Each structure stands twice: as C-alpha cells, then as structure tokens.
Amino acid sequence: MPKVTWILHDGRSISAEVAAGHNLMEAAVANNVPDVIGECGGCLSCATCHVYVDAAWYEKAGGPGDMEGEMLEITTAERRPMSRLSCQIKASEDLDGIVLHVPHI
Amino acid sequence: MADPIVIVGAGQAGAALAAKLRALGYAGPLALVGEEPVLPYQRPPLSKKYVSRELEFDRLVVRPPAWYGEQRIDLHLNSAVAALNPADKTVALRGGTVLRYAKLALTTGARPRRLPPEIGGDLAGVFTIRSVADADAIAPRLQPGKRMLVIGGGYIGLEAAAVARTKGMEVTIIEVAERILQRVAAPPTADYFRALHRTHGVIILESTALARLAGEGGRLTGTELKDGTHLPADLAIVGIGILPNDDLARAAGLSVDSGIVVDGHCRTSAPDIYAAGDCTRFPWRGEPTRLESVQNAIDQAEHAAAAMLGEQRDYNPVPWFWSDQYDVKLQIAGLNRGYTDCVLRPGKREGSASVWYYRDDTLIAVDAMNDALSYGIAKKVLEAGRSIPKAMAADSAADLKPFLTSSAHH
C-alpha cells in the first residue's frame, strides 16, 4: 500500500500505509493526524483538511481543481503555492512516499 | 473511581463530543452509548455515495475501531437507553445494565418523519433514509428501469432522486407545497434544482397531494394522488422531515420543546446534563433554534464538551450545509430564516450560480451551486459578522474577493 507521511508544525511526523483510492484527509483522520479535521467528510465544504504538499511531490500530486482552488481561499492557515485540500488527493502507487506538511490551526 | 461522563447517542455528535473531551484533557472514565450496532459514522453520504455503492461502510466511520480503545472510551453499541434518572444520576440500558454518571450528554439525534400506516406508510417497499440499515435496504432496489417515487421535495429526496436517476430508474418527486425546497430555500434555488432534475429526466409534481400509498399483500404498488391519479411504483422514498429524539429527555422531566431545550452552554434544564446536535433546541440570534446538520452536530458537541469541562462561552455558530446532486455541489453558508429579500448572482462557470439572502440590508445566508468562491466568501464574511452590499452581490462583474480580508471596508 502507498505510504504517506505527514509532518506536523512542531516537526513530529506520522507515517501510515493508505489503501489506494482512499483520500488523504480520511487517511489523516484514521491515523489521528492533528490539525487535519475533515469536518465535511471530504465534500469540499469546510477547507479543514488543508495541507502543504512537499515541494518534491507537488507536481506528481497535481494542482487543485476549480472548486478546490476556490475553497483554498478560506483556509485557516495561509494559502501557499503548494496548498491542497487533502480530501482531494487520492492515495496511489504513483504517490507512494508522498510527504504532506500540516499547518497549525 | 469517579463516575464516568456518559454520552447517550453514538452518531457524529456523540463521537465528536467524546473526542473533544479527550482532546481537552479529560482523562477520567468515559462511556458512549448507541442504539445502532455499528460504530459512529457519517450520515450525509448515506443518501449519496453510500446508497449508490460508491463508498463502503468502513469509509463512513468517523474514527477507526482501534481509536475507541486507544482513547479509553467504553463503547456500548446496540444499546438502547430504557430510562434516564436525573435524581440518582443513572441511565438504565435496555437489557438491565445501569450506568452511573458524573455528567451526562444527550446526543440522541433525530428520526425521519414517516407517513402514517393508515395511508400506506408501513408497506414493504417504502423507505426513509437516516441509518446505514435504511441505505442498505434501499441500495439493492436501485435498479435500471424500476420506478421510484420520492415523497417530499427536500434535500434528502432530491439527493435520492439524483442517485436513482443516475442508476437508470424512472423517478417521480411528489411535493405537496407549491414548489420543491419550500421550507429551506428561496425560489431561485428551487428553480435551479427543478431545472437540473428535469434535465436529467426526473418528473417533479409540485402542489401535488398524496391521498395514499397503494399496496397489494402488504407491498407497495404505487400511489394515489388527491386528484385521483394513480402512479405505479416499485419503491418509495419518504423525505418529509425529521423529528428530534427528545423522548428520553421528556420522560426524565427535562425541558423539551420539539427538541431538548439547552442554553448557550449546551446545558439542559437538569443539573449535569448537557445535549448537542440534531436533538437540541438552543438560543441562536435571539430565537430558539434547531439545526439539522453535520456542522451543528460536531460544533455544538465540541462546545458541549468544553462546557462540561467548565468553559463559559455561548455557542454561536455560523451554520453551513451541503448537498450533492448529479455533478452539482450545493454549499450553504448561514441560515436564511426570516430573509426579506434575495438576489441571484450568476457564477463564472457554466451552471454555477449563487443566491444571496438578506434580512433588510444585512447578508444572512448564501446558497452556492458549483460556486465555492461565493460560498467561501459568504462563510468568511458571516463569521466575521460583516455583510456585502446587495447590489454588489447581484452584480456578477463585481469582485467580492476583497471581502475575504477583514480590513476591507465598503
């Protein structure tokens, strides 16, 4: 299964294997990653699963879609060039090893 | 050992309340009691990707099974509460177990309103959508060519209609009011969704009253309308509203008014008993209010957790909601109760639009269809207690993004 690593604002990291096809918000919640909340369950309505994709992985993960890009306007932590809503990124073999930085909220 | 905090109701509110108690440092004993046999799960997908079989149940659970052990939460699933006794601070579970509590939280949720048996509400083939068991019963019946009736043109009915139509069923929505979404949205939003469903081939009958659901041998065969028309059907989904689960509280002598009455600190009328979520009626903007939403389930539950640990702050949310139908995402910020006016703002993309609700000149809510920017801006503005001039909202050429920053003055 693809491996995902979340790096928290205090430098701690959490890694987990995530079933391909599952999104990285639900994976974060399942693995108790703090500050990734996912209140709307992954339906693009709360922007509480905001992460910064590590620069080495951003291109592979791809940029946000139209609606996601609009929701990134209302994140609690500042929007940066690598900002994504993690509910819109699906685990896959292509993204095996992906690193996400979790903003403090 | 100290008596536990007991949470009655293991839905999204109950799970959120338990999680927040732990997150805030409560280390004492904690019990979560739920009637359903399964772990707390997300209900919104039931009428969307779960009933359509795009999502499996293990992806609906709000926390993985191991989490409850890690957090030392004493789970009592498949456990209905027979009685609550505030005088001796106990809850009696059906089956005989009695739990003492130091503090109690009621997160009992709501149940669907049903059609009475006298008009066929109990026929086989007639369903509501509230629980995973409901959705599991419906899912295998969503078959191409079969005929589905949707009783009630609210969001749950429209979502079910969208799923069924996508599966190739013949779908008819029957709404007794003069238009769909009458109770929850303004005419422009209703117009948008009526057109969407008609484009997809759903038949929508508004101002149409049901006489009875018809059956043979206890099984649904169709419906008879008040005007005498008979419509054959293989399946009916009833989406005519929900009722708060306040019976337990009422029987225990707590103040109840179509919902368990709580104050801004989520306290009921009984000492050390709190309540949160769909089951409550709470003061919001000067009026007793019930909200039926995941936002309220989670936010009020987290607020209740903090209040149980001594925080003294009033719950004052900006409500938000969503619905998914076909390829349209509806996002709602605020509550349109008491609106005096609304304006339609065409979106930047094909099929995107938003409806902005005002009470006099103050923005109170927005329905955004495939227009996350309008939703996002409205949500931020409402959370900041500000407004956007009506004329600007109605002008699709006006840039509203400056309102995202609190320094903007207009």
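**Strands, cores and contacts**

Biologist: How many bridges join strand β24 (residues 341–346) of chain B to β25(B)?
Modeller: The two strands run antiparallel, and they count as paired because DSSP finds at least two bridges between them. Strands here are DSSP runs of E with at least two residues, helices are runs of H or I with at least four, and both are numbered from the N terminus. Between β24(B) and β25(B) the number of bridges is six.

Biologist: Before we go on, what sort of model is this?
Modeller: Residues are numbered from 1 along each chain as its sequence is written, while chains are lettered from A and ligands numbered from 1 in the order in which they are written. Local features need pLDDT of at least 70, side-chain atom pairs count only at pLDDT 80 or more, and totals for chains, interfaces and linings use all residues, since the model is predicted.

Biologist: Why is strand β25 (residues 353–359) of chain B largely enclosed by the rest of the structure?
Modeller: A residue is buried if 20 or more other C-beta atoms lie within 10 Å of its own, exposed if 12 or fewer, and partly exposed in between, with C-beta atoms placed from the backbone. The strand has seven residues, and the number of them that are buried, which is why β25(B) is largely enclosed, is six.

Biologist: Which residues touch the most other members of the largest nonpolar core?
Modeller: A nonpolar core is a set of buried Ala, Val, Leu, Ile, Met, Phe, Trp, Tyr and Cys residues joined through C-beta atoms within 7 Å. Helix α7 (residues 294–308) of chain B gives this core its largest share, nine residues. Leaving out residues up to four places away in sequence, L17(B) touches I7(B), A105(B), T107(B), A276(B), A301(B), A304(B) and A305(B). Among the 162 core residues, the two that touch the most other members are L17(B) and A236(B).

Biologist: What radius of gyration does chain B have?
Modeller: The C-alpha trace spans about 65 × 65 × 35 Å along its principal axes. The radius is taken over C-alpha atoms, and the globule rule is 2.2 Å times the number of residues to the power 0.38. For 410 residues a compact globule would come out near 22 Å, and chain B agrees, with 22 Å.

Biologist: How far apart are the centres of domain 2 and domain 3 of chain B?
Modeller: The bounds, from an automatic or database domain assignment, are domain 1 (5–111 + 244–308), domain 2 (114–238) and domain 3 (327–404). Six residues of domain 2 of chain B are in contact (C-beta atoms, placed from the backbone, within 7 Å) with nine residues of domain 3 of chain B. Taken over C-alpha atoms, the centres are separated by 30 Å.

Biologist: Last one: which element gives the largest share of the side of chain A that touches chain B?
Modeller: Across this interface, 14 residues of chain A are in contact with 18 residues of chain B. At least two residues each come from α1 (24–30) and α3 (66–71) of chain A. The chain A side divides into seven nonpolar, two polar and five charged residues, where Ala, Val, Leu, Ile, Met, Phe, Trp, Tyr, Cys and Pro count as nonpolar, Asp, Glu, Lys and Arg as charged, and the others, Gly among them, as polar. The largest share, four residues, comes from α3(A).

Definitions and conventions. Two residues are in contact if their C-beta atoms, placed from the backbone, lie within 7 Å.
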